[in-house]
Amino acid sequence: MARKPMIAGNWKMYKTAGEGAILVQNLDERVEPYWSRVDVVVCPPFTALKSVSTVIELDRLEIKLAAQNVHWESEGAFTGEVSPRMLVDLRCDYCIVGHSERREMFGETDETVNKKVHALIAAGITPIVCVGESLETRDAGDTERFVREQVRAALDGVDPESAGDIVIAYEPIWAIGTGHTPTPEGANDVCRTIRATVGALFGQPAAIRVRILYGGSAKPENIGLFMPEPDIDGALVGGASLEAASFADMVRTAASFAG
Ligand code: PGA
């Protein structure tokens, strides 16, 4: 069975509640013809989840909603945090976990990533787990071992059925927001390693099902190079997802490669 491609827009710390609502409407007008062939996901900041969720519900959009982060407890004295239960309440389908910006700037570790993955699965939200190497690791020739260990740690203790549903985003840190990308073949080599790791941990059915996205300076001009690669099932997009036109261009291109 072919995996359905996914294009997910990570809005990071951009877009107010009002701006997010307008962007999702503008996006929908452009991507509606492709819904059946591509999963289109938007990841607004916490403060825009409610407004975007309301537009999706009232206008019956097929666009899926994701948060950018979550805490692993369902409630408690954790000032500034948001729980999986709260995301369920806003009808989030997905949640990004372990983005390199959170690992580098906000103390996210393999252990907290793993706790969040478990908490999301228990709440019925699909994790989009981010992995990827620094330039230093790449220059040391250590990329595949490093990424394999990140996947192992993030998915530790997950049951095989749930493992196949998870989305993994391979985002080389040196490619994020820089305009630099690996070659499509180079990105696919790492994505193949990720799939093989899922297979070794959870069995072949999970490896065949798991969707792996490429992320890092993905844009309309290069998405068509990554999509034909056999182990790349879509993209996690930052900058190019902030405008409806460029986001929709990428969805259209992904649809042209959908089986
Ligand atoms: P970028 O960000 O597309 O702006 O490089 C990707 C990401 O951080 O998910």
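What is the volume of the largest pocket? About 510 Å³. Before going on, please keep in mind that this is a predicted model.

Let me stay with that pocket for a moment. Its lining is made up of 20 residues, and those closest to the centre of the pocket are Lys12, Met13, Gln68, Arg102 and Phe106. Sorted by class, the lining has nine nonpolar residues, seven polar ones and four charged ones. Which helix gives the largest share of the lining? That is helix 4, with three residues. Helix 4 covers residues 100–105, and helix 2, residues 46–58, also supplies at least two residues of the lining.

Now the ligand. How many residues surround the ligand? There are 13, and the closest are Lys12, His99, Glu171, Gly177 and Ser217.

The last topic is the aromatic rings. A pair of aromatic rings is described by two things, the distance of the centres and the angle of the planes. Searching the whole structure turns up two aromatic pairs. One is formed by Tyr170 and Tyr214, with 6.5 Å from centre to centre and 65° between the planes, an edge-to-face arrangement. These two residues are 44 apart in the chain, and their pair links distant parts of it: Tyr170 sits in strand 6, residues 167–170, and Tyr214 in strand 7, residues 211–215. Are Tyr170 and Tyr214 buried or exposed? Both are buried.

The other pair is Tyr214 with Phe226. Why is this pair stacked? The ring centres of Tyr214 and Phe226 are 4.4 Å apart and the planes are at 10°, so the pair counts as stacked; the cut-off for that is planes under 30 degrees apart. Here too the pair links distant parts of the chain, from Tyr214 in strand 7 to Phe226 in helix 11, residues 220–226, a separation of 12 residues. Phe226 is buried, as is Tyr214.

Put together, the ring pairs join Tyr170, Tyr214 and Phe226 into a cluster.

Notes:
Residues numbered from 1 in each chain as written. Predicted model: local features only at pLDDT ≥ 70, side-chain atom pairs only at ≥ 80, totals over all residues. Heavy atoms only, no water. Phe/Tyr/Trp six-rings, centres within 6.5 Å; stacked < 30°, edge-to-face > 60°. Helix = DSSP H or I, 4+ residues; strand = E, 2+ residues; numbered from the N terminus. Buried < 20%, exposed > 50% of the residue type's maximum accessible area, 1.4 Å probe, protein only. 1 Å grid on protein atoms, 1.4 Å probe; cavity = no way out; pocket = protein on both sides within 12 Å on 5 of 7 lines; lining within 4 Å. Points joined across faces, edges and corners; volume = space filled by probe spheres on them. Nonpolar A, V, L, I, M, F, W, Y, C, P; charged D, E, K, R; others polar. Near = heavy atom within 4 Å.
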